[in-house]
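Here's a quick briefing to read alongside the structure. Have the viewer open and follow along.

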Amino acid sequence: MPQSHHKRSRRPVVLGAAAVAAALAGGLLITLPGTASAAPSGLADDFNGDGYRDLASAAPGAVANGKAKAGAIVVNYGSSSGISASRKKITSQSSSGVPGASEVDDRFGTELAHGDLNDDGYGDLVVGIPLEDVPGDIDRGTVTILWGGSSGLSGGTTISDPNASGHDRFGQSLAVGDFTGDGRTDLAVGSTGKDVWIFKGGFTKSGGAAGKLRFDAQIESGAYPMGAVQLAAGDFDDDGADDVVVASSAGNFVYRGASTGPTLQTEVGTGYAGALTVADFGLDGHDDLVVGNDFVGVLDATADGGYVTVFPGGAAGVDASHGTVFSQATEGVPGADEYNDSFGGALAAGDVDGDDFPDLAVGADFETIGAASHTGNAWVLRGGPSGLTATGAKSFNQGTSGVPGANESSDGFGGVVHLADLTGDGRADLSVGAAGENSDDGAVWMLRGASGGITTSGAVSFSGPTVGIARSGDDPMFGDTMSGS
């Protein structure tokens, strides 16, 4: 599921001189005078505070404490050489300090989001568990915050459902941002209902949120996939408060952030959005919204195999009337536009070449390559002074030179894509998940960012069993979800 890509940090961690800031940007550990340990970096996805962004991936079908499909999360720590199978931490509901218990079909990690919720300089991980059961209420759902610290994620706090009798699958969608404009990090949570809840910062480990707000979206409620299936955050009007995008089978709606709670700004796009992401592609101070339509309706002639639309932000918010469309039918985008490719089913934004302009990663897990059906593919579209362009777009799959593995049917490569600088070199790296790899063991790849864009030189890949997610007769689906995707 998607997570917003913020254009800036509203509350940067100030450590002192410019040299200190530069050292942090390079991923060095900084020891402040009079302290015995390194200060945390302040990066929203640096869970151990060492100055490198980390990658959180879920294996929602993993066995935990002997319970089938209880689910687990793997954090692969960033470093100057990127991520590896060995530098990792696995967390489930059987881990010490994590609320709840591993139970059959919980699927811990179905949805992920991250941010520094308690303002201590360490990134925290928000985990949606929409299939969590409670006595008398099947699939009630819950949300847990796992707290970052010098040793990585440790312990957790439950965010209770304020309307448990009014909906199911609480936590099926998440977004992190400052939705009230008070300079604190908030959490938005969706369910099968119309009601979307904003949990207000500052959070504490003992008490959770500082308060909560409710707004009812212009969407259908009921059984899955109703309700708020996707959430994203971005400051489209640059007023200092993040806005909330709510996507469901009934449409996609943008709500303007405010201290009293979000209010409707516009409906955007058509049909069901398979993915959302946000970035300031024009560097004009206004975030822009990307909507992925991976399954195209019979009346939609835009593209057969799915498409993405970029809607610009501005002083009035998202401009729903000026969308720029990209698909495999767009000149410059490699591949062919074919039915059921699922182009746009996964999205992520980040600067892969260090030119300051965000680029866009697009996944299509149903892409057929040669004789291998649903093997999957990922693309990166380049950003620049004129915005996103298909010119110079790159395509990646397991048959691309330098990418480990081989194209096989039902791998689902590109089912999730993620862009973040995991090496500390100032360029976002492309991480790709394939939950169907090796009969649903699942696997994750990392391709490095470079001055010429994403490169396969030095690419790494590891499977669920390699990082310690055992099959145990089940289907772990490692890489099914990534925080920030």
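In what order do the 4 strands of the open sheet come? The order is S24-S25-S26-S27, and the pairing is antiparallel. Bear in mind that this is a predicted model.

**The open sheet**

- The edges belong to S24 (416-420) and S27 (455-463); each has a single partner strand, so one side of each has no neighbour in the sheet.
- On average, neighbouring strands here are turned by 20 degrees against each other, ignoring direction.
- S24 and S25 (residues 429-434) run antiparallel and are joined by 5 bridges.
- If you want a spot to look at in that pairing, alanine 420 sits opposite aspartate 429 of S25.

**The nonpolar cores**

- The largest nonpolar core has 20 residues, and Val417 and Leu430 are the ones that touch the most other members.
- Two or more residues of this core come from each of S20 (346-350), S22 (377-382), S24, S25 and S26 (443-448).
- Leucine 430 has quite a contact list: leaving out residues up to four places away in sequence, it touches Ala361, Val380, Phe396, Val417, His418, Leu419, Trp445, Met446, Leu447 and Ile454.
- Another core, of 19 residues, lies apart from that one, and its members include Phe343, Ala364, Leu388 and Ala390.

- S22 pairs with S23 (residues 389-396) in the antiparallel sense, over 4 bridges.
- Alanine 378 has phenylalanine 396 in S23 as its bridge partner, and Phe396 also turns up among the contacts of leucine 430.
- There are 6 residues between the two strands of this hairpin, and glycine 387 takes a positive phi near 95 degrees.

**Aromatic pairs**

- How many aromatic pairs are there? The count comes to 6.
- Are the two partners buried or exposed? Phenylalanine 343 is buried, at a relative accessible area of 0%, and tryptophan 379 is buried too, at 1%.
- Phenylalanine 343 also belongs to the core of 19 residues.

Note on methods:
Residues numbered from 1 in each chain as written. Predicted model: local features only at pLDDT ≥ 70, side-chain atom pairs only at ≥ 80, totals over all residues. Heavy atoms only, no water. Pairing = 2+ DSSP bridges. Axes fitted to C-alpha atoms, helices over the stretch in contact; angles between N-to-C directions. Core = buried A, V, L, I, M, F, W, Y, C linked by side-chain atoms within 4.5 Å. Buried < 20%, exposed > 50% of the residue type's maximum accessible area, 1.4 Å probe, protein only. Contact = heavy atoms within 4.5 Å. Phe/Tyr/Trp six-rings, centres within 6.5 Å; stacked < 30°, edge-to-face > 60°.
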